[in-house]
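Please keep the sequence and the model in view while working through them.

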Amino acid sequence: MKPHAKTERQATDPSGVRVETGAVPHAHPHHERRERHLPYETVALVLQGGGALGAYQAGVFEGLHDAGIRLNWIAGISIGALNTAIIAGNAPEHRVQRLHEFWDTICRPAATPPLPHIFEHALFNGTEVTRQMLTAFQAASAIWQGQNGFFQPRKPTPVPWVSSSPDTASWYDTAPLKATLERLCDFDRINSGETRVSVGAVNVASGNFAYFDNSRIKLRAEHFIASGALPPAFAPTEIDGEFYWDGGVVSNTPLREVLNATPRHDTLAFQVDLWSARGPVPESLNDVSERMKDIQYSSRTRLVTDILQREQRYRNVLREVLDKVPESVRKEDAWCQLAEDLSCGKRYNVLHLIYQQQKFEHDYKDYQFGASTMRSHWSAGLADIRKTLEHDSWLELPDNDAGFITHDVHRISK
């Protein structure tokens, strides 16, 4: 039987949280999916890091898949890199199913059986108090026993002041993640060039940011694990004699890498963020910790797009000015030749999707891997991309003087 993805019947609780009540056949079978042709040379999916929040990105991808939008570049950091591996490492018709398998795997406890589905569902959809108790318990469970197919505590427990080797200098062991990726991903497909794949990490020794890209090197499970090796929870991953940590230590989104790529192309980028730079001023110490994470890991995506928009406007204006200079002058004048190299008439469109935090979530939201919470995140991503794609004009090439535009379904477009 040909694998197919499943979606869930949704229920909405008083706080607006939507969770599954049972699997049903997908409303839009993938074999009926029609590819949508867009006027761009590059259509990229850019995935930020954020641990358990990454199920939101899986929902966004499902919506893109259902809409027939073909991606030719996927770039991610941390959990975004793991989602990237699952997507790029499978045939298009199996990708949503494999994402479900991945998230269903890692959202189970590493040692003890998961809570009975009906019981967890009742707690999650009960009162605000029962939901917070459940999510706090699941976050605590991740700390003391790890997550199935993802990470587990080191035994014996490391002693902080005792030296060991770099690949064991952490609280948890990610060997289960390697097995999970190798089970769910076809690395020959990832390296085939069918889709460009980039994941970011930090060289621990030099402090320099590194992008592992299948257009330059052959990617293995270790490259994706390195991108998610956030210290001190996870040890650096050794690749060709060098050790790498999570790219989020320096920058939590690869958007700049995608938009600054050369040669330049007309580009549509779906930027999927898990942390919102905008948020309330904290009123308690717990709120302070949570807000710090939001600011630290949001990577100021909007600042990045503002800077890139300004840069592209200069390139675009320079291109327009050069077009008014006689060709004979342009060929002979050194300044015109330099301007030719610097100019660019390509167009860039960034569709920004940002996870909107729920009231029940706290500073442990990035390691709270409960199944009901995961499905809530997934549903939010699916809903946001569907709302985004309702705006047909947002998919058009920008026609402003900058040749660069951003749209955000949760904010007024720029």
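1. Helices α1 and α2 cross in a right-handed sense; a crossing is right-handed if the near helix is turned clockwise from the far one by less than a right angle, and left-handed if anticlockwise. Helices (H or I, at least four residues) and strands (E, at least two) are DSSP runs, numbered from the N terminus. The model is predicted: local features need pLDDT of at least 70 and side-chain atom pairs count only at pLDDT 80 or more, while totals for chains, interfaces and linings use all residues. Residues are numbered from 1 along each chain as its sequence is written, and side-chain values use heavy atoms, with hydrogens and water left out.

2. Two packed helices are described by the angle between their axes and the distance between the axes. Here α1 (residues 55-66) and α2 (residues 79-88) pack at about 35°, and their axes are 10 Å apart. Axes are lines fitted to C-alpha atoms, for helices over the stretch in contact, and angles run from 0 to 180 degrees between N-to-C directions.

3. Which residues in α1 and α2 meet? From α1 come Gln 57, Ala 58 and Phe 61, and from α2 come Ile 79, Gly 80, Asn 83 and Ile 87; contact means heavy atoms within 4.5 Å. By class, this contact of α1 with α2 has 4 nonpolar, 3 polar and no charged residues. In this scheme Ala, Val, Leu, Ile, Met, Phe, Trp, Tyr, Cys and Pro are nonpolar, Asp, Glu, Lys and Arg are charged, and the others, Gly among them, are polar.

4. In soluble globular proteins, nonpolar side chains tend to be buried together. The largest nonpolar core has 69 residues, and Leu 45, Leu 64, Trp 103, Leu 181, Phe 224 and Phe 270 have the most contacts inside it. Helix α2 supplies the largest share of this core, 7 residues. A second, separate core has 15 residues, including Ala 44, Val 46, Ala 269 and Val 304. A nonpolar core is a set of buried Ala, Val, Leu, Ile, Met, Phe, Trp, Tyr and Cys residues joined through side-chain atoms within 4.5 Å. Buried means under 20% relative accessible area, exposed over 50%, and partly exposed in between (1.4 Å probe, protein chains only).

5. Leu 181 illustrates the contacts of a core residue. Apart from its neighbours within four places in sequence, Leu 181 is in contact with Leu 82, Ala 85, Ile 86, Phe 187, Ala 221, Phe 224 and Ile 225.

6. Is Arg 95 buried or exposed? Arg 95, which lies in helix α3 (residues 95-106), counts as buried because its relative accessible area is 9%. Not counting residues up to four places away in sequence, Arg 95 touches Phe 61, Ile 87, Ala 88, Asn 90, Glu 194 and Thr 195.

7. Asp 273, in strand β11, is likewise buried, with a relative accessible area of 2%. Beyond residues up to four places away in sequence, Asp 273 touches Gln 48, Tyr 56, Ser 298, Thr 301, His 352, Leu 353, Ile 354 and Tyr 355.

8. Most residues other than glycine have a negative phi, and most peptide bonds are trans. Ser 78, in the loop between β4 (73-77) and α2, has a positive phi near 60° and is buried at 12% relative accessible area. Asp 240, in the loop between β9 (237-239) and β10, has a positive phi of about 50°, but Asp 240 is exposed, at 69% relative accessibility.

9. Where are the cis peptide bonds to be examined? One joins Lys 155 and Pro 156, with omega about 0°; Pro 156 is in the loop between β5 (152-153) and β6 (172-173). Another runs from Thr 262 to Pro 263, with omega near -5°, and Pro 263 is in the loop between α9 and β11 (267-273).
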